[in-house]
Amino acid sequence: MRYLDQLSRRAVGCLLGVSALAIAIAPARAADTVKVGAVLSISGPASFLGDPEDKTLKMYVDKINAAGGVAGKKIELIVYDDGGDANKARTFATRLVEDDKVSAMVGGSTTGTTMAMIPVFEEAKVPFISLAGAIEVVDPVRKYVFKTPHTDKMACEKIFENLKQRSLLKIAMISGTDGFGASMRAQCLKVAGNYGVQVVADETYGPRDTDMTAQLTKIKNAAGVQAVVNPGFGQGPAIVTRNYAQLGMSGTPLYESHGVASKSFIELAGPAADGVRLPAAALLVGDKLPDSDPQKKIVVDYKQTYEASTKQPVSTFGGHAYDGLFILVDAMKRANSTDSDKVRDEIEKTKGFVGTGGIVTMSPTDHLGLDLTAFRMLEIRGGDWTLIQPGS
């Protein structure tokens with residue numbers, strides 16, 4: 001019995017020793033990593049946004065870690081799929097803060113999911129770099145919220161700039177009623193007068209609508225329409241584009257938003273997409289940029305890396321994730337820290353960052369850091385992107 005008691009005591013001692021070792025190792029391992037969250041619309045109606053964002057983040061986090069990490073730590077990327085559902089996005093944001101204890105967040109594929117998550121990260125004081133398009137993400141400026149895509153207001157201004165150059169000043173609008181479409185419609189109406197543009201017809205469609213013939217027929221019959229602008233993203237603009245051609249309206253220029261800046265739009269719209277113009281990032285026409293363009297190397301390298309890894313065509317949406325991740329990483333390097341507040345301060349000090357979306361210079365009053373020159377005007381010809389020269 002005495003022998004058994006001694007054996008039991010030794011076993012307990014060993015277990016306690018192992019437990020103590022595990023406890024000692026766990027914090028050490030935690031100290032060697034920095035947790036970065038991502039809530040993306042990988043599935044669902046906005047998967048054309050979330051899927052390339054997800055692939056981009058995972059691919060480049062692996063590359064960063066293989067090169068030694070950042071600020072002495074490896075990045076632990078924690079990704080959740082909200083399916084385009086704002087309520088799920090908020091739930092995942094709360095989980096990232098309360099359970100996963102992330103130091104920063106790169107994600108938010110849509111305006112709706114982003115706006116649902118903002119209060120969570122603001123309250124927790126966690127830097128949040130959104131990948132959504134609407135200006136309301138960063139206007140008004142919130143201390144911990146930033147974004148990488150060009151805003152819907154900028155898209156309106158770039159389109160109206162081109163319309164003015166072409167003397168096409170009487171337009172119709174047909175807008176999606178989703179968060180992005182509604183926001184861009186409001187921004188276009190707000191800035192139209194600055195360019196002498198008059199909106200003579202104004203129609204909308206829902207995110208589940210499968211035919212916009214009725215709205216387009218009204219536009220076709222409206223007097224004086226010289227061009228049509230379609231604020232929206234997802235399948236809606238592709239349907240609008242097909243219906244546009246079916247109604248014989250192709251003689252009237254059609255402009256889409258940067259929300260359709262992927263080959264999937266061209267595939268969905270088919271031959272009807274030819275002649276459509278839209279503002280977009282340089283990424284889509286990287287090989288067509290002059291060698292002197294400061295973005296050329298970045299966009300060409302990203303395109304080649306993404307397409308070689310995924311066997312899919314590049315889109316500007318994955319590019320937004322690339323920019324968000326490296327703005328974050330650069331901020332951590334400058335701070336030589338992964339502390340959330342120190343990183344937030346350095347993100348806000350980002351200056352001259354060359355990304356796929358443009359050259360970014362942020363400030364306390366500008367949490368985007370892009371101006372109108374970051375947009376290129378493109379036209380779809382023969383199923384591909386063509387760079388429109390200024391004044392054309």
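## The disulfide

There's one disulfide in this structure, and keep in mind that the model is a predicted one. The bond joins C156 and C188, with the two sulfur atoms 2.1 Å apart. C156 sits in helix α5 (residues 152–165) and C188 in helix α6, so the pair ties together parts that lie 32 residues apart in sequence. Turn to the S-S bond and you'll find a torsion of about -90°, which means the disulfide of C156 and C188 is left-handed. Both C156 and C188 are buried.

Is Q187 buried or exposed? Its relative accessibility is 10%, and the cut-off for buried is under 20%, so Q187 counts as buried. Leaving aside residues up to four places away in sequence, Q187 touches I135, D152, K153 and C156. C156 is one of the disulfide cysteines.

## The sheet

Now for the strands. Five of them make an open sheet, ordered β2-β1-β3-β4-β5, with parallel pairing. The edges belong to β2 (74–81) and β5 (145–147); each has a single partner strand, so one side of each goes without a neighbour in the sheet. From one strand to the next, the twist averages 25°.

Looking at one pairing, β3 (residues 104–107) and β4 (residues 128–130) run parallel and are joined by three bridges. Here V106 stands opposite I129 in β4. Helix α11 (residues 316–335) packs on the sheet and touches β1 (33–40), β2, β3 and β4. The direction of α11 makes about 160° with that of β3.

Methods
Residues numbered from 1 in each chain as written. Predicted model: local features only at pLDDT ≥ 70, side-chain atom pairs only at ≥ 80, totals over all residues. Heavy atoms only, no water. Pairing = 2+ DSSP bridges. Helix = DSSP H or I, 4+ residues; strand = E, 2+ residues; numbered from the N terminus. Axes fitted to C-alpha atoms, helices over the stretch in contact; angles between N-to-C directions. Contact = heavy atoms within 4.5 Å. Buried < 20%, exposed > 50% of the residue type's maximum accessible area, 1.4 Å probe, protein only. Disulfide = S-S within 2.5 Å.
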